[in-house]
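Visitor: Can you walk me through this one? I'd like to start with the strands and then get to the core.

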Amino acid sequence: MLKIPEHQVAGHKACHGLLGALMDDSGRFYKPLQDDERGPREVTFYASFSSNTMVPDQIRKFFSIFYGTQLLEASDGSGLHPHLVLQDVVSGHSHPSIMYIKIGSRTWYPQVPEDYIQRCLKKNRETSSLSLGFRLSGLQVHGNKESGFWKPGREVVQKLTADDIQLVLRKLVSSNSSADPYLVPDSLFASSVYGGSTGILAQLL
């Protein structure tokens, strides 16, 4: 039984009759392929990456498992549509805190038209892509049973400044996260998540 991903924080969402991602209860995530050249390009990447035995484990673990492609009834009711089938990385987590980060100050691929590059540059200037080399596309942070999730909208996330993003990175690893802008995050889990020999920073390096 396919359903709309409850914890999706970015990308096209399958709601209000729109084409978007779906999931099932077995831990698989179904992402509709784009109709232009980006669809086949994405499939080629995942197929090549997943079959390449030269990719070291410390790199491979950052990627969802690729299960191939599948024709499924599209969420917008337009009929059968090809979908990427990937591992649902938050399956099994009841209250996952998630941050979707788009890495890089150049957010287009080679051989694209000039107008596409200009659209990307415009978005990069309006967000933190140029100033920080990355931008947040979406997030949700679970605080506690009373406060639930802090899940700012797309427009709010894209307008975050460098200082705002520093605060968000602290909220992600705090036990008292909430939508209250005046609450100082306690950063209780910062050392275990970001630091140490197995932390995110060490893994990225």
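Guide: We'll take the sheet, then the helix on it, then the nonpolar cores. Keep in mind that this is a predicted model.

Visitor: Fine. In what order do the strands of the open sheet come?

Guide: The order is β5-β6-β7, three strands with antiparallel pairing.

Visitor: Which ones stand at the edges?

Guide: β5 (98–103) and β7 (149–150) do. Each has a single partner strand, so one side of each is left without a neighbour in the sheet.

Visitor: How many bridges join β5 to β6?

Guide: Six, with β6 covering residues 134–142 and the two strands running antiparallel. In that pairing, I98 stands opposite Q140 of β6.

Visitor: What packs on the sheet?

Guide: Helix α6, residues 162–172. The helix touches β5, β6 and β7, and its direction makes about 35 degrees with that of β6.

Visitor: New topic. Which residues make up the largest nonpolar core?

Guide: There are nine: M99, L136, L139, V141, W150, V157, L160, I165 and V168. β6 and α6 are the elements that give two or more residues to this core. The largest share, three residues, is from β6.

Visitor: Take L136. What does it touch?

Guide: Leaving out residues up to four places away in sequence, L136 touches M99, Y100, I101, V157, L160, I165 and V168.

Visitor: And what other core lies apart from that one?

Guide: A core of seven residues, including W108, V112, I117 and L121.

Terms used: Residues numbered from 1 in each chain as written. Predicted model: local features only at pLDDT ≥ 70, side-chain atom pairs only at ≥ 80, totals over all residues. Heavy atoms only, no water. Pairing = 2+ DSSP bridges. Helix = DSSP H or I, 4+ residues; strand = E, 2+ residues; numbered from the N terminus. Contact = heavy atoms within 4.5 Å. Axes fitted to C-alpha atoms, helices over the stretch in contact; angles between N-to-C directions. Core = buried A, V, L, I, M, F, W, Y, C linked by side-chain atoms within 4.5 Å. Buried < 20%, exposed > 50% of the residue type's maximum accessible area, 1.4 Å probe, protein only.
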